[in-house]
Amino acid sequence: MSALPVADRSTVRRALRDLIGRHRRAVLAVLALHSAAAIAGLAPPWLLGRIVDGVTGGAGVATVDRLALAIGAAVLVQALLSRYAQYAGHRFGERAVAELREDFVRRTLGLPVSVVERAGSGDLATRSSVDVSTVGTTVRDVVPTIVIASVQLTLLFGAVFLLHPLLGLAALTGLPSIGAVTRWYLRRASPAYLTEGAAAAALTETLTSTADGARTVEALRLADDRIARGTTRIARLWAARRATLGLRTVFFTVVEASYPLPVAAVLLVGGYLLARGSVSLGAVVAAALYLQQAIEPLDRLLQWTEQAQRGFASFARVLGVGLVPPESPGAACTPRDERLVVRGARFSYAPGHDVLHGIDLEVRPGERLAVVGPSGAGKSTLARLLAGIDAPRQGVVSIGGCPVTDLDPAERRRRIALVTQEHHVFIGSVRDNLAFAAPDATDEQMRSALRTVGADWYAELPDGLDTPLGDGARQLAAAEAQQLALARLVLADPHTLILDEATAALDPTTARRTERALAAVLTGRTVIAIAHRLNTAHDADRVAVLSDGRITEIGSHHDLVRADGAGGEAGLDLPLEERVDEDHRQDGDGQCGEEAGPVRLVAGVDRDVGDALG
């Protein structure tokens, strides 16, 4: 497992500057409106001070009424300006968030498949959901709030200084303690929140992998181990959250205790200056009101500063996806034919631990090759090398004389398709799900592809190709989803197909029917199948026996069984052979069928048979 990278602070700051630069006019409009609203908010305390001075000086009711009306007008202007400023701010925020989401999806889709798989689904899932959402909140709400609160505080403290410099100095009494604790907090917050994000990703990875492999966990009696692993991940996440909670506890306690200090200091200094005749009573009242008014933006500034640390940590994780080099555009090499050749291929997932050891293999165009061997022999790894998902550590995998990994990704996928038992039903219609493979396919071509793979359930859909699938809509069973994936394969129309447990989710009868339906489509194409069904190895032109990362034997099914060599150890044949008369053969539903051919029990080739044999 190798987590995706995290961007450093300079990258985050640069990305934030670029984002603001692309929306400069909107940002300036938001700042102008909020500044105007803040200036309008300075009028009521000053006017109230004028009323105090006027009353103490013997002013009449008309003067007080005139000043009170001015206060009402200022409050109304401030409310209108604030309303439009918030509207403009949210428009900017939503547009910026939309750009961030689109950019994240684009960067994610550009990641090499091998990098995504090694990072694990938990890390990418956390970044694409929690982190992107946190960044959205930060851009839409946090950053504008911090900027606006800073402008308001500057104006409020500036107004106090204008009333009297000593009152302004007294107003700064609480800032040293607030500044010190904020600095202490900021130095520790970013690493702490990054640690919390990594712990959350690790927990998500553990839970999803346990859920996805529930049958394996149960079969191998790994429940206690998975529970222990999950408990450890939960403990680490809890410890990380306790650390960030501890930081917030210290931070907010000191900040809240510092709020009353400036007001008390201004009243003390104001009383001294008032006694000496340096200021009026109205000025002291206005200064106290300004400071009381400053508590709200200061509180928002400090609270959102805490949220900003989460946002910047999430932003660093989101931007980290873009630090992974995208798939190479490929070299200017045109394959001369469809011949797949593997020469001296070695591969390792971890340094010093090769999974494949000097594989030599040649697959002729139009040939059907079955790759068999026990679990852990390296069959799926070899399939990944043939498909160009991974590159060999040593040696070369080429098609038509061109290294597979050097081909342009689009060209490689057009020529070679890897189909596994892992499949996904996207939220959208049946048409949307099929269009991923062939955007220009007609409705009739899509229906034909579904019929080709034996997707009989399609006829029962209420809206045909427009039937919505996914969460909150029509849920497909595992077998139906796999047939949908195979229909995509038919539409994609590649020349070379690599089937790695492509029909594992289907019951034997459905799988056999699907394979027979695909046979017409596969005619003339190169097919490489990881043999987990009996007929796959039996019907192949050649069978490659893989053991401990090496091809130990290769030949036809008949030749390997007759040789009684490593093929027998790989499970191509058993001493026990059970043949049933074709007229009494039973299909998967327990009913008598007429499918021709004997039944041969093969251990190690068919996972379902292996499970049955215990």
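The model is predicted, so local features need pLDDT of at least 70, side-chain atom pairs count only at pLDDT 80 or more, and totals for chains, interfaces and linings use all residues. Residues are numbered from 1 along each chain as its sequence is written, and side-chain values use heavy atoms, with hydrogens and water left out.

**Aromatic rings**

- The structure holds four aromatic pairs. Rings of Phe, Tyr and Trp (its six-membered ring) pair if their centres lie within 6.5 Å; planes under 30 degrees apart count as stacked, over 60 as edge-to-face and the rest as tilted.
- Phe 426 and Phe 436 form a tilted pair, with 4.4 Å from centre to centre and 40° between the planes.
- This pair links distant parts of the chain, ten residues apart. Phe 426 sits in the loop between strand 6 (416-420) and strand 7 (428-429). Phe 436 sits in the loop between helix 14 (430-435) and helix 15 (443-452).
- Helices (H or I, at least four residues) and strands (E, at least two) are DSSP runs, numbered from the N terminus.
- Phe 426 is partly exposed, at 33% relative accessible area. Phe 436 counts as exposed, at 52%. Buried means under 20% relative accessible area, exposed over 50%, and partly exposed in between (1.4 Å probe, protein chains only).
- Tyr 185, Phe 251 and Phe 252 are linked into a cluster by ring pairs.

**Charges over rings**

- Arg 83 lies over the face of Tyr 84, 5.1 Å from the ring centre. Arg 83 also lies over the face of Tyr 87, at 5.8 Å from the ring centre.
- A charge sits over a ring if NZ of Lys or CZ of Arg is within 6 Å of the ring centre and within 35 degrees of the ring normal.

- Four strands form an open sheet in the order 2-1-4-5, with antiparallel pairing. Two strands pair if DSSP finds at least two bridges between them.
- Strand 2 (353-363) and strand 5 (402-403) stand at the edges; each has a single partner strand, so one side of each is left without a neighbour in the sheet.
- Five bridges join strand 1 (residues 340-350) to strand 4 (residues 394-399). Arg 343 stands opposite Val 396, and Arg 346 has Gln 394 as its bridge partner.
- Two bridges join strand 4 to strand 5. Ile 399 stands opposite Cys 402.
- Strand 4 and strand 5 form a hairpin with two residues between them. In the turn, Gly 400 has a positive phi of about 60°.
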